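This report goes with the sequence and model shown below. Please look at both before reading on.

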Amino acid sequence: MRDLQSHRWMWVKALLFVVIGLVSSALLLMEAPDWRVLLLLMLAIWAFCRAYYFAFYVLEKYIDPSFRFSGLTSVLRHLVNKR
């Protein structure tokens, strides 16, 4: 599978991720409409966003600037091989 090159399709992909996130969050809240569920959902989303940021930005810019990661499996493979 080759890299996505078109800026237009990158925006479409980003929009689809946002739509998936909004629809799935709304369905979860409709299933269990409680402020605690909303809070836990927001915390989970925030935590995964920070982990994603760490996996790509922090590792690449500060921990190992010589390596370019192509995905989460690439990060895991690099961390296992580095040990």
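## Val23 and the surface of H1

Val23 counts as partly exposed, because its relative accessible area is 44%, and the class runs between buried, under 20%, and exposed, over 50%, with a 1.4 Å probe and protein chains only. Val23 sits in helix H1, residues 7-31; helices are DSSP runs of H or I with at least four residues, numbered from the N terminus. The model is predicted, so local features need pLDDT of at least 70 and side-chain atom pairs pLDDT 80 or more, while totals for chains, interfaces and linings use all residues. Residues are numbered from 1 along each chain as its sequence is written, and side-chain values use heavy atoms, leaving out hydrogens and water.

Val23 is one of the residues in a nonpolar surface patch of about 500 Å², together with Leu15, Val19, Leu27 and Met30. Patch residues have over 30% relative accessible area and no salt bridge; nonpolar side chains (Val, Leu, Ile, Met, Phe, Trp, Tyr) are joined within 5 Å, and like charges within 9 Å. Accessible areas come from the Shrake-Rupley method with a 1.4 Å probe, and for residues only the protein chains shown count as cover.

## Other residues of H1

Leu15, also a member of the patch, is found in helix H1. Leu15 is classed as exposed because its relative accessibility is 54%. From Leu15 to Lys61 the separation is 46 residues in sequence and 27 Å in space, C-alpha to C-alpha.

Gly21 lies in H1 and is partly exposed, with a relative accessible area of 28%. Gly21 and Phe67 are 46 residues apart in sequence, and their C-alpha atoms are 30 Å apart. Neighbours within four places in sequence aside, Ser25 is in contact with Leu41 and Ile45, contact being heavy atoms within 4.5 Å.

## The salt bridge

How many salt bridges does a search of the whole structure find? The search finds one. Asp34 forms a salt bridge with Arg36, and the closest N and O atoms are 2.9 Å apart. The term needs a side-chain nitrogen of Lys or Arg within 4 Å of a carboxyl oxygen of Asp or Glu. Side chains of opposite charge can pair when their charged atoms come close. Asp34 counts as partly exposed, at 27% relative accessibility.

Helix H2, residues 35-63, has a kink of about 35 degrees centred on Phe54. The bend at a residue is the angle between axes fitted to the seven residues ending there and the seven starting there. Leu41, Ala55, Phe56, Val58, Leu59 and Glu60 are the buried residues of H2, and the buried residues of H2 pack against H1 and helix H3 (72-82).

The largest nonpolar core has five residues: Ala55, Phe56, Leu59, Phe69 and Val75. H2 gives the largest share of this core, three residues. Such a core is a set of buried Ala, Val, Leu, Ile, Met, Phe, Trp, Tyr and Cys residues joined through side-chain atoms within 4.5 Å.

## Phe69 and Ser74

Beyond its neighbours within four places in sequence, Phe69 is in contact with Ala55, Phe56, Leu59, Glu60, Ser74, Val75 and His78. Ser74 is found in H3. Is Ser74 buried or exposed? Ser74 is buried, because its relative accessible area is 8%.

Terms used:
Helices (H or I, at least four residues) and strands (E, at least two) are DSSP runs, numbered from the N terminus.
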